[in-house]
Amino acid sequence: MSDAPRPAPADVDAYINAQLVGADPVLDAALARAAAAGLPAHDVAPNQGKLLHLLARIRGARAILELGTLAGYSTIWLARALPSGGRLITLEAEPSYAEVARANLSAAGLADRAEVRVGEALPALAALEAEGAGPFDLVFLDADKQRNPEYLEWSLRLTRPGSVIVADNVVREGELANAASEDPRVRGIRRFTELLGATPGVSATAIQTVGQKGWDGLALALVDEPGAVGSR
Ligand SMILES: C[S@@+](CC[C@H](N)C(=O)[O-])C[C@H]1O[C@@H](n2cnc3c(N)ncnc32)[C@H](O)[C@@H]1O
């Protein structure tokens, strides 16, 4: 038997990223700009970004809504999936983060299709409804997790049958299964998960992930067509 250390989850991410994601100077520059501006490194991993991109393409998304922009790393992945004439709106509470995201989207050549809106997500969602901005084909929830239950309700108002809702960081090192947790983010993702399971006309699952971002996971929901097989 070899004495070589067993690969760790981060090694697997590195392998997957090398084989299936590839080098991307635009995304690397986006992360470098974020680091130089002192933003926290809470962006999705490259293979997760590509998963979001593929989901948007599989769905044929023409309108995408993101909650939680940070430096626009996941935004770039999602906006690149849009066809000509497609549109993405991303919501970010922190003005200085939004500024970095705008610079990143501009450098990625996506400023014409990706709009960064600064402010708290809840009022921004109400404004989107008031202006008739939806329906969105894909919603990515990646802001303050304690508000995920409200964000789910808004997502359902702003989507249509066939739309996809993705939520990041829903496992939190296993805390999802901890009913006694007093962490508001854990309570938020538990309530979100329970609401997802109890909402008629939505089919959902959640998957645990390990990798360079540690032990976490994502939830995936499909807004069913009326009467769809498998609809809850
Ligand atoms: C995990 S980061 C987003 C990462 C980004 N989606 C990516 O993968 O590149 C979460 C972001 O949500 C923002 N945020 C937190 N609470 C918010 C709120 N109530 N409304 C809007 N944005 C919020 C934070 O400022 C932060 O930039």
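Tutor: Pro-161 counts as partly exposed because its relative accessibility is 38%; buried means under 20% relative accessible area, exposed over 50%, and partly exposed in between (1.4 Å probe, protein chains only). This is a predicted model, in which local features need pLDDT of at least 70, side-chain atom pairs count only at pLDDT 80 or more, and totals for chains, interfaces and linings use all residues. Residues are numbered from 1 along each chain as its sequence is written, and side-chain values use heavy atoms, with hydrogens and water left out.

Student: Which residues is Pro-161 in contact with, leaving aside its neighbours within four places in sequence?

Tutor: Contact means heavy atoms within 4.5 Å. By that rule, Pro-161 touches Val-223, Asp-224, Glu-225 and Pro-226, its neighbours within four places in sequence being left aside.

Student: How is a pocket defined, and which residues are the closest to the centre of the largest pocket?

Tutor: On a 1 Å grid over the protein atoms alone, a pocket is an open set of points where a 1.4 Å probe fits, with protein on both sides within 12 Å along at least five of seven lines; lining residues have an atom within 4 Å of a point. Here the largest pocket holds about 690 Å³ of space. Its lining has 32 residues, and His-42, Asp-142, Ala-143, Lys-145 and Asn-169 are the closest to the centre.

Student: What volume has the second largest pocket?

Tutor: Its volume is about 260 Å³. Of its 18 lining residues, Asp-13, Ile-16, Asn-47, Gln-48 and Leu-51 are the closest to its centre.

Technical notes
Points joined across faces, edges and corners; volume = space filled by probe spheres on them.
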